[in-house]
Amino acid sequence: MSFGIELMEKVLFKFAKQWIAGNTIDDALTSAKEAYKNGRNVIINKLGEYHTSKSQISTTVKEYQKISNSLRKWNIRGAISVKPTQVGLSISQRECHKNFEKIIQNAREQHIFVWIDMESADHTDETIEIYNSFFSKYERLGIALQANLKRTEDDLKNLIEIGAKIRLVKGAYSENAEIAFKSKEEVDKNFMRLVRILFKNGNEFGVATHDGKIISKVERLSKRYPKKFEFQMLRGIRDDIKPGLIKRKFVVSDYIPYGTNWLPYSIRRIKERKRNILLLGSSLIQSQRV
Ligand SMILES: Cc1cc2nc3c(=O)[nH]c(=O)nc-3n(C[C@H](O)[C@H](O)[C@H](O)COP(=O)(O)OP(=O)(O)OC[C@H]3O[C@@H](n4cnc5c(N)ncnc54)[C@H](O)[C@@H]3O)c2cc1C
C-alpha cells in the first residue's frame, strides 16, 4: 500500500471511530454497557456485507450468537441487527435462511430481539420474504423499511397487517429515480406519511432518524396516538438530544456497529452529511501538515 493511501486510511479510521465501537465483540459490549448506563437500549451490528465466503459467514453467525448470549448475561436491554448479505444472501436465499435460522434460534433461547437491516433495493423482496417466514415463528423480530423507496408504503401496510415490527429509516443506499424519491424534501415527506401510518395502525416500531424536525413531529404524534415505539439513532450521532428524550420518558436505542469492516458503513455516514465531508477534508489537510 502506498504511503498516501495508508495515511488516508489512518485518517479515515480516526474519523470513523466516532460511529464505531471498535474491532471486537468486547468493544461492542463495552460500548453497550456505557449506553445502557446512560439509560439507552442498544442494537448491536457486526460490520460487513456481501459476504460470499462460507467461513466468514459462519464466523458472523457465531458472533451474533455470542452477542445475544452476552446481552442476556449482562442483563442489557438490547437487540442485534443483521444484514441479510452478511449471512448468505449474496450466495442464495436458501443459505441466508439457514443462517438466520441459527441466529434466531439462539436469540429465542436468550430472549433477544433481532432486527433485520434493509439493504439496497435489489434485496427488498427477498428480505421481506425472509422476515415473513421467521416472524410467524418468532415475534421478537423486526425489519427495517426505507422511506426513500416508492414501494415502501405498500410494504409497510402489508407488514402492519401481520403485526410486524418495523424500523422506519430514510434509506442509506443510492437508488434510481424510477423506484426512489431523490430529494430530501420528498424523502422527509414520505417518512412523515409512513410514520403517521405507524402511529395510527402499527405496533411496537422504531423511528430511526437523527432529524430534529422529524423527531419533534414524532414527539407530538406520540401524544395523540400512544403507541409502543422507540427512537433509534446511530452510536455517536445526536448524543446531544438523547438525554432530553430519555428525560421526557421516550425509549432511545443506540445502534452500535463494531468490527474491522468499517469502510462501507463509514462512507455511507460521511456521504449523509455535507459537514462530515468538510470535517474529513480538514482532517486530511491537517494530517498532511504533521
Ligand atoms: C438505528 C438506525 C438503523 C438504520 N438502519 C438502516 C437500514 O437497515 N437500512 C438503511 O438503508 N438505512 C439504515 N439507517 C440509515 C438511514 O437510512 C439514514 O441513512 C441515516 O439515518 C441518515 O438519515 P437521517 O434520518 O438521520 O436524516 P438526514 O436527512 O440524513 O439528516 C437529518 C439531520 O440529522 C442530523 N444528522 C444526520 N446525520 C448526522 C451525523 N452523521 N452527525 C450529526 N448529525 C447528523 C443533522 O442535523 C441533519 O440535518 C439506519 C439509521 C439508524 C439511525
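In this predicted model, the largest nonpolar core has 64 residues, and those that touch the most other members are Ile 80, Val 114, Ile 143, Ile 166, Leu 168 and Ile 256. In soluble globular proteins, nonpolar side chains tend to be buried together. Val 114 shows what surrounds one of these residues. Beyond its neighbours within four places in sequence, Val 114 contacts Ala 79, Ile 80, Val 82, Ile 103, Ile 104, Ala 107, Arg 140 and Leu 141.

Eight of them form a closed barrel in the order 1-2-3-4-5-6-7-8, and their pairing is parallel. From one strand to the next, the twist averages 25°. One of these pairings joins strand 5 (residues 165-169) to strand 6 (residues 205-208), in the parallel sense and over two bridges. Arg 167 has Gly 206 of strand 6 as its bridge partner.

Helix 4 (residues 93-110) touches strand 2 (78-82), strand 3 (113-116) and strand 4 (141-146), and its direction makes about 150° with that of strand 3. Helix 5 (residues 124-135) also packs on the sheet, where it touches strand 3 and strand 4; the direction of helix 5 makes about 160° with that of strand 4.

Two packed helices are described by the angle between their axes and the distance between the axes. For helix 2 (residues 25-37) and helix 3 (residues 54-73), the axes come within 11 Å and cross at roughly 35°. The crossing is right-handed. Helix 2 contributes Ile 25, Ala 28 and Leu 29 to the contact, while helix 3 contributes Glu 63, Lys 66, Ile 67 and Ser 70. By class, this contact has four nonpolar, one polar and two charged residues.

Definitions and conventions. Residues are numbered from 1 along each chain as its sequence is written. This is a predicted model: local features need pLDDT of at least 70, side-chain atom pairs count only at pLDDT 80 or more; totals for chains, interfaces and linings use all residues. A nonpolar core is a set of buried Ala, Val, Leu, Ile, Met, Phe, Trp, Tyr and Cys residues joined through C-beta atoms within 7 Å. A residue is buried if 20 or more other C-beta atoms lie within 10 Å of its own, exposed if 12 or fewer, and partly exposed in between; C-beta atoms are placed from the backbone. Two residues are in contact if their C-beta atoms, placed from the backbone, lie within 7 Å. Two strands pair if DSSP finds at least two bridges between them. Helices (H or I, at least four residues) and strands (E, at least two) are DSSP runs, numbered from the N terminus. Axes are lines fitted to C-alpha atoms, for helices over the stretch in contact, and angles run from 0 to 180 degrees between N-to-C directions. A crossing is left-handed if the near helix is turned anticlockwise from the far one by less than a right angle, and right-handed if clockwise. Ala, Val, Leu, Ile, Met, Phe, Trp, Tyr, Cys and Pro count as nonpolar, Asp, Glu, Lys and Arg as charged, and the others, Gly among them, as polar.
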